Amino acid sequence: MLLPASALAQAPALEARVDAATLDVVQPVLRQAVVDSLPLDALRAKVFEGVAKGAPPDRIGRVVAELANEFRAVRAGLRTQMPAMRFADGEVVAATMARRQGVPFEDLAQVWQARPSGASLEVPVTVLGELVRRGVSIPDAAGVMNHVVRQQIPLDVAIQIPGRFDGARGAGSPPGQALAEALRALNIPDPPGRGRGRRPGG
Amino acid sequence: MLGASSLAAGGLSAQAPRLEVDVNAARIRYDTLGALTAPSVSGLAEWQRPTFLGRLAGGLTGFEEAGWSSQLRADLAGWVSPTRSVSSLRLELAGTGAYTRHSDGFDSWLTKADARAHLIGRGLGAWGGVGLAAARSSFDPEALTGWIPTAGAWAELGSVRATLSYLHTLLGGEQYPEADLVVTASRGPLDLTAYAGLRRSTSESSVFDDEWGGVTAAIWLHDHAAVLVSGGRYSSSVLQGLPGGDFFSVGIRLTPRRSRPIPPRVRAPIVFTVERVRSGGLTLRVPDASRVEIAGDWNGWQLEPLEPAGGGEWIVPGSLEPGVYQFNLRVDGERWIVPEGVPQLEGSYGDRVGLLVISNEE
C-alpha cells in the first residue's frame with residue numbers, strides 16, 4: 001500500500017533553516033494555513049525549496065501565499081460538493097494538481113463517492129490529473145479512476161497507469177486507445193460501458 | 001509563409017489555452033519602401049485539444065509617416081486516426097483565413113483549405129497533402145486561386161524540434177516551389193525559433209523569388225512576461241501580393257501563463273519500493289558530473305550528497321520513506337536539474353521539478 005508523503009518526519013524546523021526576512025513573510029501565511037486546515041507540510045516544503053534554491057524572500061512569500069490560496073479554493077470547492085467529507089492533506093494536494101488540469105469539482109466528487117471507506121485518494125486523484133495532462137478527456141479519465149477506486153485496485157498498480165499510457169502513446173495510439181491498452185497491460189478490468197475495442201476520445 | 005501543419009507544430013496533446021499579447025517596436029525595410037520605424041501590438045488566442053486546434057491572431061502596426069495596417073488571421077485544424085491497426089497515421093483537415101488592410105485603402109484576403117496525411121512516430125513525423133487557396137488584393141480585382149501540394153517532416157529531440165516543409169504553389173500557370181526550415185528550442189527561460197526559406201518561381205518577372213531567414217527569442221522574466229527580440233528577413237506573399245522585408249524588433253509579451261513552443265513531456269511518476277531504495281538500488285543518471293546532491297519534499301529540501309555508482313549513475317540515499325515527492329538534483333554545486341528519465345513538473349520558482357514515488361509494496 002502506498003502511504004501519503006511524510007515530509008515533516010524528516011523536515012527540519014522552519015526557524016532552523018529560514019532567514020528572518022523570509023520568516024516574516026511566510027509565517028503569517030502558515031499561521032492562517034493552520035487555522036484553515038490547509039496542507040501545511042506542502043506549504044512548508046515550498047518554503048524550504050525556495051530557500052534551498054536561493055529565491056528572495058518576497059518571491060518565496062508570493063509562491064507560498066499563492067499555493068495556500070489554491071489549496072483554500074480547492075478545499076472549499078470539495079466541501080461544497082461533499083459537505084460531510086473530511087479531506088486528508090495529501091488528497092487536497094492531489095486535487096489541486098487535478099484542478100490545475102481543469103478537472104471539475106463534480107468529477108472529483110465522483111471519485112470520492114466511489115471510494116470504499118477509509119481509502120486514501122491521494123494516488124487515484126494524482127493519476128486522474130496526470131491522465132488529463134496527457135490528453136485523456138476528463139470524462140474518460142474520471143470514469144477510469146472511479147472504476148479503479150471502486151474496484152479497489154492496489155495503488156501501486158494504479159500509479160503505473162500514466163507510464164503504461166505513455167508507452168502506448170509513444171507507439172502511436174490515440175489517447176482513448178492508449179488508456180485502454182494501459183488498463184489491459186495492468187490487468188485492470190474494463191470499466192462499465194468501456195469495451196476493450198472501444199476508443200472513446202481516440 | 002503559411003504555417004506548416006498543426007500536427008507538425010506539435011499539436012498532439014491537449015494544452016492549456018494560450019493567450020498572448022505582444023507589444024513591439026520594429027525597424028523594417030520593406031522591399032518596396034525605405035526603412036520605417038513600426039510600433040505594433042498583436043494578440044493571439046489558441047485552444048488545443050488532442051484532436052483539434054483553433055487559433056485566432058490579430059495585430060495593428062503603425063508606420064512612420066506611412067499610416068497603419070491591421071492583420072487578422074484564423075486557423076482551425078482537426079485530425080483523426082482512421083484505423084486501429086495503423087494508429088500512427090493521422091488524417092488532418094485544416095482551414096485558414098487571413099485579412100490585411102492598410103490605412104491608405106489597400107487590402108487583401110486569403111483563404112486556404114488543406115488536407116494532409118501524417119505518419120507520426122516517437123520523436124519523428126512526416127506528412128504530405130494538398131491545399132487549395134484563394135486570395136485577392138487591391139492590386140488585382142480578380143481573385144487568384146491555386147493548388148498547393150505540400151510535404152514535410154519533423155524531428156524532435158529533447159527540447160529541440162526541427163520542421164522542414166516543402167510547398168509547391170501552382171498559381172495562374174506559374175509554379176512557386178518553396179522550402180522552409182524552422183528550428184524551435186525551449187530551455188529554461190529561453191524560447192528560441194530560427195527559420196530559413198527559399199522560393200524560386202517559373203515566372204519571368206521573378207518578383208516572388210525570395211530567400212529569407214531570421215531568429216526570434218523570447219526571454220521569460222517570469223510566467224507572465226517575456227522580452228522578445230527578433231531579427232532577419234520575412235518572406236513576400238505570393239498569394240496576397242505582400243512584399244518581404246528585413247526587420248529588427250524588440251518587444252514584450254504578456255500572457256496569463258507561459259506556453260512553451262515544445263510542451264515538456266510529462267512521464268509517469270517513477271515508482272520505487274522502499275526495499276529497493278534502502279538497498280541502494282535507486283540510481284539517477286547524471287553524466288559528466290563530479291558532484292551531485294539531491295533535495296526534495298521528504299527532508300525539507302536539505303541537500304544530501306549522492307554516491308557515484310559509475311557510468312554516470314548516482315545512488316539516492318536509502319533514507320526515503322514511502323510517499324509522493326517533488327525533488328531536484330544540484331550538479332557540481334551550481335545547476336539545479338531534473339535527471340534524465342524522470343517525470344517533470346512546472347516548478348514554482350521558474351524551474352522544473354522531478355516527481356518521485358516511493359512505495360512500500362512491490
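**Surface, cores and strand pairing in the predicted model**

Chain B exposes about 16,600 Å², and carbon and sulfur atoms supply 60% of that area. Accessible areas come from the Shrake-Rupley method with a 1.4 Å probe, and for residues only the protein chains shown count as cover. The model is predicted: local features need pLDDT of at least 70, side-chain atom pairs count only at pLDDT 80 or more, and totals for chains, interfaces and linings use all residues. Residues are numbered from 1 along each chain as its sequence is written, chains are lettered from A and ligands numbered from 1 in the order in which they are written, and side-chain values use heavy atoms, with hydrogens and water left out.

Chain B has one helix and 24 strands. Helices (H or I, at least four residues) and strands (E, at least two) are DSSP runs, numbered from the N terminus. Of the 362 residues in chain B, 46% are buried, meaning under 20% relative accessible area (1.4 Å probe, protein chains only). Contacts are heavy atoms within 4.5 Å. Among the contacts in chain B with a separation of 6 or more, 52% join residues 24 or more positions apart.

A nonpolar core is a set of buried Ala, Val, Leu, Ile, Met, Phe, Trp, Tyr and Cys residues joined through side-chain atoms within 4.5 Å. The largest has 71 residues, and A:Leu108 and A:Ile161 have the most contacts inside it. Helix α5 of chain A (residues 57–81) gives the most to this core, with eight residues. Beyond its neighbours within four places in sequence, A:Leu108 touches A:Leu78, A:Ala95, A:Ala98, A:Arg99, A:Val103, A:Val125 and A:Leu128. A second, separate core holds 21 residues, including B:Leu282, B:Trp298, B:Tyr325 and B:Leu329.

Strands pair if DSSP finds at least two bridges between them. In chain B, three strands form an open antiparallel sheet in the order β16-β20-β19. Its edge strands are β16 (283–285) and β19 (307–310), each pairing on one side only. Neighbouring strands are turned by 35° against each other on average, direction ignored. Three antiparallel bridges link β19(B) to β20(B), residues 313–315. B:Gly310 stands opposite B:Glu313 in β20(B).

Elsewhere in chain B, strands β3 (residues 52–62) and β4 (residues 68–80) run antiparallel, joined by 11 bridges. B:Phe52 has B:Gly78 of β4(B) as its bridge partner. Five residues lie between the strands of this hairpin, where B:Glu65 takes a positive phi near 55°.

Notes
Buried < 20%, exposed > 50% of the residue type's maximum accessible area, 1.4 Å probe, protein only. Axes fitted to C-alpha atoms, helices over the stretch in contact; angles between N-to-C directions.
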